[in-house]
Amino acid sequence: MMWIAAIAALALAAPYAVYPIFLMKALCFGLFAVAFNLLLGYTGLLSFGHAAFFGFAAYVTGHAMKEWGVTPELGILAGVAVAAAMGLVFGLLAIRRLGIYFAMVTLALAQMVYFYCLQAPFTHGEDGIQAIPRGKLFGVLPLDDMYVLYYVVLAIFAIGVWIVWRAVHSPFGQVLHAIRENEPRAVSLGYKTERFKLAAFVLSASLAGLAGATKTLVFQLASLTDVNWHTSGEVVLMTLLGGMGTVLGPVAGAFVITTIENYLADIGAWVTIIQGIIFVLVVTLFRRGIIGEALAFVERRRRQ
Amino acid sequence: MSSTLAPVGGVNAGLTEDWIIRTQDLTKEFKGFFAVREVDLRVRRGTIHALIGPNGAGKTTCFNLITKFLQPSKGRILYNGRDITRDDPASVARAGLVRSFQISAVFPHMTVLENIRVALQRPLGTAFHFWRSDHSLKVLDGRARELAAAVGIEEFSETPAVELSYGRKRALEIATTLALDPEMLLLDEPMAGMGREDIDRIAGLIRQVAKGRTVLMVEHNLAVVADLSDTITVLARGQILAEGDYHKVSGDPQVIEAYMGTAHA
């Protein structure tokens with residue numbers, strides 16, 4: 001409980017010490033990675049197409065707010081609803097495949113979404129949807145105020161993470177755990193495991209959409225970068241780096257990667273190389289990721 | 001102890017059907033190779049029935065066909081007179097036909113109690129409730145402890161299954177299977193890889209759980225099932241070679257030949 005309070009206090013005070021836009025970007029990617037980890041870490045499914053939910057929800061929210069003039073909460077809801085529907089379609093098509101085939105099907109579907117976004121008029125192709133008005137949340141809270149926006153983003157992040165935490169520690173989460181550990185046995189106990197995996201997939205896609213929609217509010221922009229396969233790869237890296245067996249690990253991973261991208265942007269292509277090196281180090285030496293290794297260290301100390 | 005192990009609603013007294021499982025012409029072909037060929041297997045209700053045979057005889061395939069983990073190429077499977085040939089494995093399990101696996105089937109990083117609870121929680125109807133706390137599953141702990149005690153592993157309730165000895169893992173597996181109160185248990189080589197005292201323990205356990213239930217077990221070794229089973233079916237090269245009680249089967253010259261003299265080992 002102590003450390004949750006400490007993190008909360010840190011998060012509340014942070015925008016007075018660090019550039020708020022950077023923090024909000026990290027929070028959006030943090031939520032994206034937490035949502036992704038519900039699949040990878042807690043269901044045992046590697047999706048390589050999560051950018052589709054993240055990026056397409058961003059377009060939907062941007063379009064709804066700019067062209068239809070809806071309030072931010074409705075824009076976000078629209079983005080999440082579309083991401084959930086896409087998650088259902090992706091899931092129905094991919095869930096019967098296992099391992100690498102599952103990853104390939106999700107990648108292929110996400111590429112279709114990418115090329116659709118490249119061609120569809122409402123996304124404005126290479127330009128993206130720009131200058132999206134932030135508006136007032138519930139018609140009251142002015143999101144153009146940087147601090148108001150920050151606390152709204154923080155609240156959305158907290159709710160999203162709480163949903164994942166709740167799902168992991170729920171009757172549903174117990175069944176997911178059982179499926180991840182021994183799927184044939186779960187089947188033999190009468191569970192239709194494909195339905196559980198599909199439910200986890202839709203939940204994960206919805207929350208990835210929530211992250212993408214929120215990012216639109218922050219940057220007032222929805223662009224092709226967010227639906228690109230590169231973003232799907234980045235979220236895998238964030239999750240592995242932070243620790244995929246933990247709820248908060250992916251957030252740590254997202255902060256590290258976002259920091260590298262923001263503060264080392266001057267060195268250009270080297271960023272990709274640094275990311276590659278980090279990836280190799282994590283996979284070979286720190287399999288449990290930052291938070292996973294830290295927890296394992298604490299556990300070892302406790303046992304001694 | 002026996003009250004915990006006895007079926008709650010397992011035996012369907014109203015049914016006059018004597019055979020709980022009947023297969024007709026059951027065949028599984030893998031690209032021209034017949035793993036199981038035209039097998040007519042009948043399992044009498046309330047008995048312990050063993051399916052034995054040398055390696056590659058089609059025992060496990062037969063088993064996977066009956067529990068629907070494999071689709072047959074040909075033939076029919078009747079459970080309590082109902083055709084289940086096209087059912088999926090989860091539905092078959094819900095209907096009361098619950099199987100074990102050759103390699104012990106536990107959830108390794110869950111505790112003994114959590115393992116058993118996974119089986120108990122489905123009837124609660126909250127398996128999809130991702131918004132509910134898992135504390136809501138605590139109502140099942142009492143029953144889970146009873147089941148753990150029934151197979152003699154109650155002192156390991158909070159131990160992760162991965163840390164249990166092999167014999168205890170199998171005991172946990174039986175407790176988890178019993179949690180579903182199945183009408184019929186299908187055990188795939190329950191004694192494989194065990195030492196003598198573990199074999200005796202598990203044999204005792206099987207005898208207990210078979211009271212009021214039907215058990216179909218696959219075994220490699222005829223001697224192990226000798227005084228445990230009421231009926232023994234010997235498979236060889238995907239077909240039934242002999243059937244009957246231990247004396248009849250073990251004296252059958254074809255069986256002795258199939259086992260190359262190892263039948264009495």
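Analyst: R143(B) is partly exposed, at 28% relative accessible area; buried means under 20%, exposed over 50%, and partly exposed in between, with a 1.4 Å probe and protein chains only. The model is predicted, so local features need pLDDT of at least 70 and side-chain atom pairs count only at pLDDT 80 or more, while totals for chains, interfaces and linings use all residues. Residues are numbered from 1 along each chain as its sequence is written, chains are lettered from A and ligands numbered from 1 in the order written, and side-chain values use heavy atoms, leaving out hydrogens and water.

The partner of R143(B) is E146(B), and their closest N and O atoms are 3.2 Å apart. This is a salt bridge (a side-chain nitrogen of Lys or Arg within 4 Å of a carboxyl oxygen of Asp or Glu). Both residues belong to helix α5 of chain B, three residues apart, which is about one turn of the helix. Helices (H or I, at least four residues) and strands (E, at least two) are DSSP runs, numbered from the N terminus. E146(B) is also partly exposed, with a relative accessible area of 41%.

Helix α5, residues 141–150, takes part in another pair. D141(B) forms a salt bridge with R117(B), at 3.0 Å from N to O. R117(B) lies in helix α4 of chain B and D141(B) in helix α5, so this pair ties together parts that are 24 residues apart in sequence. Both partners are buried: R117(B) has a relative accessible area of 8%, and D141(B) has 13%.

Over all chains, the whole structure holds 22 salt bridges. One of them joins the side chains of D25(B) and K74(B), at 3.9 Å from N to O. D25(B) is in strand β1 (residues 19–30) and K74(B) in strand β5 (residues 74–79), both of chain B, so parts 49 residues apart in sequence are tied together. D25(B) is partly exposed at 32%, and K74(B) is partly exposed at 41%.

Chain A has a linked group: E299(A), R302(A) and R303(A) form a network of salt bridges.

Next comes the boundary between the chains. How many salt bridges are counted between chain B and chain A? The count is one. The side chains that meet in a salt bridge here are D88(B) and K192(A), 3.6 Å apart from N to O. On the side of chain B that touches chain A, α3 (89–94), β7 (97–99), α4 (112–121) and α6 (166–178) each supply at least two residues.

The contact (heavy atoms within 4.5 Å) takes 38 residues from chain B and 25 residues from chain A. About 2700 Å² is buried between the two chains, and carbon and sulfur atoms give 64% of this. Buried area is the accessible area (1.4 Å probe) that two parts lose on being put together, summed over both. In chain B, F107(B), F128(B) and F130(B) lose the most area to chain A, together 24% of what that side buries.
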